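Visitor: Could you walk me through how the strands and helices get their labels here?
Guide: Gladly, let's look together.
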Amino acid sequence: MGSIEIELFTTLDLVGQAPGGPDEDPIGFPFGGWQAPLLDDVAGEQVAAAYEGTDALLLGRRTYDIFAAFWPHQDGGPDDDFAALFNRIPKYVASRGKPDLSWAGSAQLGPDLAAAVREVRDRHEHVKVVGSLGLVQTLLREKLFDRLDLWVHPIVLGVGKSVFDGGAVPTNLALLEPPAASPAGTVLLRYGLADGTPATGDMAAADRGVSAADQTD
């Protein structure tokens, strides 16, 4: 079984809408392209490293349409490595409609999204989910992901679609590696899905912060 890996750019108030440009998702959102002023070489290297070994993309309809209109025309450009990867590997689209699947290697997922995602995970090693907030919220709600990479940028927008809006359920995550900051102040947080649901406790208790496993040692 492979791994479903969500890659998201977000603000401090967890807005993930339209980081790349003003035309991505402009309705009611005045900050399209908010990520561009905060890009630096360190964050760029982090993103490139995150895609090493990727052998499939899992995308929502809007993100797929944006990618399909852009990446097939970027061979030989400044993002040639990403273009070559995205154009080569299979693309799976979650949509209730009838998307144009003319981008080579594209296929639409079946109506049972959870079952279709599990089939994709069984078929590939490293499946990347990029943008696609509606799809991401479904994957979060169903716990159909294995890794969550968040690039948290040092801005607050106060408006826009939230990463967790409509998709949050009680979930435990494990930090997979130390947070890594870029010179612009963007922090990469890499989490893996963990067992169980969040526990509760009493901050006044003597054993606060001590897990059950620690108590039995």
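Guide: Two strands pair if DSSP finds at least two bridges between them. Helices (H or I, at least four residues) and strands (E, at least two) are DSSP runs, numbered from the N terminus. This is a predicted model, where local features need pLDDT of at least 70, side-chain atom pairs count only at pLDDT 80 or more, and totals for chains, interfaces and linings use all residues. Residues are numbered from 1 along each chain as its sequence is written, and side-chain values use heavy atoms, with hydrogens and water left out.

Visitor: What makes β6 (residues 147–153) and β9 (residues 187–194) a pair?
Guide: DSSP gives 6 bridges between β6 and β9, which run antiparallel; that meets the cut-off, so they pair. In β9, V187 is the bridge partner of V152.

Visitor: Why is β8 (residues 180–181) called a partner of β9?
Guide: The antiparallel strands β8 and β9 are joined by 2 bridges, and at least two are required, so they count as a pair. A180 bridges to L188 in β9. β8 and β9 form a hairpin with 5 residues between them, and G185 in the turn has a positive phi of about 95 degrees.

Visitor: And how many bridges join β7 (residues 172–175) to β9?
Guide: There are 4, again antiparallel, with N172 bridged to A194 of β9.

Visitor: Which residues of helix α5 (residues 133–142) are buried?
Guide: L133, L135, V136, Q137, L139 and L140 are; buried means under 20% relative accessible area (1.4 Å probe, protein chains only). Their cover includes β1 (3–11), β2 (56–60) and β5 (126–130), among others. K143, with a positive phi near 55 degrees, follows α5.

Conventions: Buried means under 20% relative accessible area, exposed over 50%, partly exposed in between (1.4 Å probe, protein chains only). Contact means heavy atoms within 4.5 Å.
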